[in-house]
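Here is a short briefing on the fold and packing of a model. Look at the structure first, then read the points by topic.

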Amino acid sequence: MTGVSVSSLTKAYGALRVLHDIDLDVQPGEFTVLLGPSGCGKSTLLSAIAGLDEIDGGTITIAGEDVTEREPSQRGIAMVFQSYALYPTMTVRGNMSFGLRVKRLSAAEIASRVAWAADLLQLTALLERKPGQLSGGQRQRVAIGRALVQRARLFLFDEPLSNLDAKLRTEMRVEIKKLHKELGMTIVYVTHDQIEAMTLATRIAVMRGGKIEQYAAPDELYERPATLFVAGFVGAPAMNFLPGIVRAGHVEIDSLSLPLDRVAVAGPVADGTKVILGVRPEHIGLADDGAPGVVVEAATDFLEPMGADTLGWFSVGRHRISARLAPQRARSVSGLVRLALDLRHASLFDADSECRY
Amino acid sequence: MRRNAKWLSAARIGLYAFLVISAAFFLLPLYVMLVTSLKGMPEIREGNMLSLPHAPTVAAWVKAWSSACTGLSCNGIQVGFLNSLKILFPSVTMSIAVGAVTGYALSLWRPRGAAWLFGILMAVAFVPYQVFLFPLVRMFSYVGLNSSLPGIIVVHTIFGLPTMTLIFRNYFAGIPLELIKAARVDGAGFWRIFGAIMLPMAVPIIVVAIILQVTGIWNDFIFGLVFAGRENFPMTVQLNNIVNSTQGEREYNVDMAATILTALVPLGVYFISGRWFVRGIAAGAVKG
């Protein structure tokens, strides 16, 4: 099996540094997702791992071999692109076998690998078609098939689902996850879609401004975000942020005073520190219904029914926060309510460094 | 709605009137050439250019093709036709082959000053050929290429290069970079990507290039005159020799037949490739 190790990788376009000293370690068989907003450098990092972009510093190791100076085809990788990048003049079979023909594999070996991948991806009936005659989802499967036949050590996906419609995206997501489970290959996958990242990854690297903010398992990332950015980027609806000041073991948010001892923080926080308290909508409930936590008074602003649950928006002093409520219960919510903030699951960030306490 | 329809029909009438008048304007000379070529000399001397021939004859065509005098030899314009073909095929093939490769290479190379570079390249396509004639003749004499078939082929290839490079570069630059990246991951190199992926995608622009080069090279006069040598004079030069020969009476019917024969190849290209040809003109707008 194959791991990837990137160390102190830097990359700049002229004066613009797009990757700052990146360190990333992907274990064999791991499904690592690079997640971040556009322009964060995630695709550049993937290109660097693939060898498609030159880098300015650092090393890239695949399966224990230093591949920093190697051509893409010498790195033992296969790649799936956002635009699918199928060769339009070749049939599906031609597309899938092109790389194998370049490598001068025997005709029998090529035929058996293509048949295997086509069977796995339900492409057998489409083998003699041209990409232009296929739907978006079929093209995507051909692109994955073209990667699979390589029997590569490492699979790289560059936003493979972002050109598909919502329904197809969900289907393909499941299919990719199934492939990973069945074949157990190492995958590095780029996306800006946090749901894709949460559902697929064994570990997610959240990137911003050419740096990795946090690299952790999806649960860890969601429950204990390392920075304010990660906390805000991961999770929908987004985490509520309440800025305040620490005084005598409490977080003072305007007229509110919330006890700090309920918040899971690593160490003591000095008095007078400006902090931001982060509480996810599902950790806010109605105190009158017995929801656990610190009780605050709030005014109901409006309700957003989302089907499985209803998002309630409330004003607490100058701040607006959202809470995830049961739809039936939410219908009778109006005017002044008592909200319970479950601080055991809250996150506390330093307002200046934006790092978690 | 109704006013709109009325305005439209008025515009239509104007448009058709314009088209009919322009068609007549361009077709009249062709008509005169055709009827004159089918007349005998006595009838031509009567001076009625527009009248239909009393006794149509193809004698002038036969003479133009096989026995009209071009300078000293009297074998008709067929010699020039064959010479033109000998010049045409290798020149078109070479100029397109080289232009496709250079255009492909330049489409991959995107330096900072690319816009300037291609601007300059485009400007070069406008430099009058006459400027190069004398230096080229000296250079070709030096390497022994002057007045030879390879010489004229090299000249056509060189002078076709700016236009060919530009149209291929622009076409290849429109192909998504991810395709080339995918091919690199698949292990294909520069030539493999060119041959297996880019060239098959370039069929439409190759057709355009063929149209441009066939008409351009077939219609060339000055390069043929200067670089081909007496043995290899193309059809255009031979035509000039027939039409401008000063001995004896001017045989207008033979001149007309020879002219139409010479124009037949580009004319055929126009008719066969209609739609493509318009695209060719658009793509070759740089050629001037």
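Buried residues account for 42% of the 357 residues in chain A. A residue is buried if 20 or more other C-beta atoms, placed from the backbone, lie within 10 Å of its own, exposed if 12 or fewer, and partly exposed in between. This is a predicted model: local features need pLDDT of at least 70, side-chain atom pairs count only at pLDDT 80 or more, and totals for chains, interfaces and linings use all residues. Residues are numbered from 1 along each chain as its sequence is written, while chains are lettered from A and ligands numbered from 1 in the order in which they are written.

**Chain A**
- Chain A has 9 helices and 20 strands. Helices (H or I, at least four residues) and strands (E, at least two) are DSSP runs, numbered from the N terminus.
- Its C-alpha atoms fill a box of roughly 75 × 45 × 35 Å along the principal axes.
- Take contacts in chain A between residues at least 6 apart in sequence: 65% join residues at least 24 apart. A contact means that two C-beta atoms, placed from the backbone, lie within 7 Å.

**Chain B**
- Chain B holds 13 helices and 0 strands.
- Chain B is more spread out than a compact globule, because its radius of gyration is 24 Å, well over the 19 Å that the globule rule gives for 288 residues. That radius is taken over C-alpha atoms, and the rule is 2.2 Å times the number of residues to the power 0.38.
- The C-alpha trace of chain B spans about 75 × 75 × 30 Å along its principal axes.
- In chain B, 33% of the 288 residues count as buried.
- Among chain B contacts between residues at least 6 apart in sequence, 76% join residues at least 24 apart.
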